[in-house]
Amino acid sequence: MSVLVYIESENGKFKKASFESASYAKGVADQLGTSVTAVTINSEENESLSTYGVSKVLNVKSDKLSKFNANAYADVISQATKSEDAKIVVLGQTANDKYLAPLVAINLEAGYASNVVALPESTSPFTVKRNAFTNKAFNFTTINSDVKIIGVAKNAYGLKENETSITVEDFNPTLDESDFTIHVESVDKATDKVTIADAEIVVSAGRGLKGPENWEMIENLAETLGAATACSKPVSDMGWRPHSEHVGQTGKPVAANLYIAIGISGAIQHLAGINASKYKVVINNDAEAPFFKAADYGIVGDAFEIVPKLNEKLKEFKANNA
Amino acid sequence: MKILVCISHVPDTTSKINFTEGDTKFDTNGVQFVINPNDEFGLTRAMWFKEKQGASVDVVNVGGPETEPTLRKALAIGADNAIRVNTVAKDGFQVAQELAKVAQDGSYDLVIAGRESIDYNGGMVPGMLAKLMKANFVNTCVGLEVDGDKATAIREIDGGKETLTTNLPLVIGGQKGLVEESDLKIPNMRGIMMARKKPLNVVEPVGAQEKTSADKFEKPAPKGDVKLIDKDNLDELINLLHNEAKTI
C-alpha cells in the first residue's frame, strides 16, 4: 500500500525533478501513514533517494530499456504498482513523464491529474490542486478511481530532505515484444547547454532586440548566470530563434526560480507561460509595457545599454561570491 | 490514408479567465472560442497530407452543440467530414474512450490530437487514446512524414529532439513545429460556404465514465507592485536577486 514514485534517470543519473517527485511522494505517504517505494530503470545511484524519504527502490536493469520507450516504461511502472499494491503513483512532468503517464493510466484504469502544484487538499476524497488554463488559474481535481496518478509540476512542491533508511531490490518486469514498435533513429540534444526544462534561471528576449544578430549579449548573460535562453512568440515566428525557445501559451511553460525578460512587452499568452516562475525581472524601454505589472523587479531603459553592463556586474558578483 | 483530427473547443488565447457559480464553472461570458492551437497545428499538417498524398481528413469533437461552430471552422479550413460525440466532456479518460470508439468505427490510419488543450491542460487524451486503440503513439510531435504504412516522427524532448520511426496506425500528440505559424490557414469565403454543406454527424456517446472531476477553480493571488530599479543602479538589482529573491 506504499506510495509508488517513478524516478527518471538519464545515463544512470537522477535529475533535480526526480528528487522533487520523491519529495512529493514522501509528503503524500506521510498524509496517508505509509512509506514510499521508488521504481527506477538502469539507475546507478538508487541509494541517494534515501535523502528524500524513499524507503524502498525497485530497480530494473535491462539493456532493452537503455533507450526511453514509453510503452515499455509504462508497463514497468504499472507492474511495480501492482507488485506493491500501491494506490498512489507519482511522476514528474518532464517530456518523458508526460508521455508515460496517460499510458500508465490506461494500464491501471486510473484517474490522472497532471500539473499538480501542492500536496492533496484532502485524501478522502482525494483532491489535488493543479495548474489549468495555462497557468491563468488553478483547478481542484478529485480523483475517484482506486489507483490514482499524480503528475507533479516542476518547481512547485520543491525539494524536501527527509533522511530515511533505504533498501534496494532488483525488479524484473515482464516486457512485451509489442511494446517495441517505435524506434529511436537519432537524438539531437545539445549537451553543453542548459535546457529550459532543467533551468533554475531563464534569460528570455523579444522583439525589442531588433534582430537575431543581437542575441550574443543574451547568450553571454545566460552563460554568466548558468541560465537557459528563451524567446517570445514573434521572435520564434520570424525565425530569429528556434521554436524550442518559444515560451508562452502555445510554446513552452517556464517554471524557473528566476525569469529575466528583455525587450518583451508581455502579451497575455506570454505571461501565462511564465506565471509559474518564482521571480520575474523585466528590462524594457517602454515603462507602459504590460510586463511591468507581472514582474517583481523592473528596469526601464535601453536593453542594449543595460544588458552588457548587468552582465559585467554579475560576473564580478559571481567572482566575489564563488 | 484516413486521418482523424481531434479538435478541442477552447477559449481564445487572449481570453481573460473568470469563473462563475461559486468558482465551479468557467465563465464563458464574452469569451470567443477557437480550435485549440495545438490541434490547429495538427489539422494544418493533415491538410498537407490531403493535398500532397490524397489523404481524407475527418475532424471530431466530444462536446455539446455549442462546439459546432468550431467544427465548422475546421471544415472551412478543409476537413472533409466532422463528427460530434454528443456528450459533455468531463475528463481525459472519458473523452479518450469516446474518441477511441469513433477512431475504431472509422478505421483511421492516423489520429492527430494536440499535446494538450489550453484550457484544462490535462495532456492525457492522445496517449490514452493510442493505448485504447492499441496504436503507436508519439507525444510532443513536431514533425511527421508518412510513406505507405511507415511513419517518421520528430519528438521534442527536454533540451532537444529525437527522430522516431514506426508504423501506422499511429496517434500523435502534436504541437507547433508540425507546421509553422505562417502555414496556419484562415478560412476564406469559399471555404466557409463549402463548410456549410459538408457533413457534421452527431453521434451518441458510448457512455464512458470519468475517473476525475474538476470541482473548483481559483485565480492566482494578485501580484504585488513591481519594484522599479534605476538603470544606473544595477547593483541594487543584484542585491535584491541575491538577498531578497535568493535566486543568484
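Two strands pair if DSSP finds at least two bridges between them. Helices (H or I, at least four residues) and strands (E, at least two) are themselves DSSP runs, numbered from the N terminus. Everything shown here comes from a predicted model, where local features need pLDDT of at least 70, side-chain atom pairs count only at pLDDT 80 or more, and totals for chains, interfaces and linings use all residues. Residues are numbered from 1 along each chain as its sequence is written, while chains are lettered from A and ligands numbered from 1 in the order in which they are written.

**View 1**
Touching here means contact: C-beta atoms, placed from the backbone, lie within 7 Å.

**View 1. Strand β18 of chain A meets strand β15 of chain B.**
Here β18(A) (residues 297-300) and β15(B) (residues 227-228) pair in the parallel sense over two bridges. Look for Y297(A), whose bridge partner in β15(B) is K227(B). Strands of a sheet pair through backbone hydrogen bonds, either parallel or antiparallel.

**View 2. Helix α3 of chain A crosses helix α4 of chain B.**
Across the whole interface, 74 residues of chain A are in contact with 62 residues of chain B. Helix α3(A) (residues 95-108) gives the most to chain A's side, with eight residues. By class, that side has 37 nonpolar, 26 polar and eleven charged residues. (Ala, Val, Leu, Ile, Met, Phe, Trp, Tyr, Cys and Pro count as nonpolar, Asp, Glu, Lys and Arg as charged, and the others, Gly among them, as polar.) The axes of α3(A) and α4(B) (residues 125-133) come within 8 Å and cross at roughly 45 degrees. That makes α3(A) oblique to α4(B), since angles under 35 degrees count as roughly parallel, over 145 as roughly antiparallel, 65 to 115 as roughly perpendicular and the rest as oblique. From α3(A), Y99(A), P102(A), L103(A), A105(A) and I106(A) meet G127(B), M128(B), K131(B) and L132(B) in α4(B). This helix contact has seven nonpolar, one polar and one charged residues.

**View 3. Strand β7 of chain A is mostly covered.**
Six of the six residues in β7(A) (residues 111-116) are buried. (A residue is buried if 20 or more other C-beta atoms lie within 10 Å of its own, exposed if 12 or fewer, and partly exposed in between; C-beta atoms are placed from the backbone.) Strand β7(A) runs parallel to β11(A) (residues 148-152), joined by four bridges. Y112(A) has I149(A) as its bridge partner in β11(A).

**View 4. K150(B) sits in strand β10 of chain B.**
That strand covers residues 150-157. K150(B) is exposed because 12 other C-beta atoms lie within 10 Å. Leaving aside neighbours within four places in sequence, K150(B) is in contact with T165(B) and N167(B).

**View 5. Two cis peptide bonds and two positive phi values are worth a look.**
In chain A, a cis peptide bond joins S124(A) and P125(A), with omega about 0 degrees. P125(A) lies in the loop between β8 (122-123) and β9 (126-132) of chain A. The bond from L168(B) to P169(B) is also cis, with omega near -5 degrees. Phi is near 50 degrees for N11(A), and phi of D85(A) is near 50 degrees as well. N11(A) counts as exposed because it has 8 C-beta neighbours inside 10 Å. Most residues other than glycine have a negative phi, and most peptide bonds are trans.

Key:
Contact = placed C-beta atoms within 7 Å. Axes fitted to C-alpha atoms, helices over the stretch in contact; angles between N-to-C directions.
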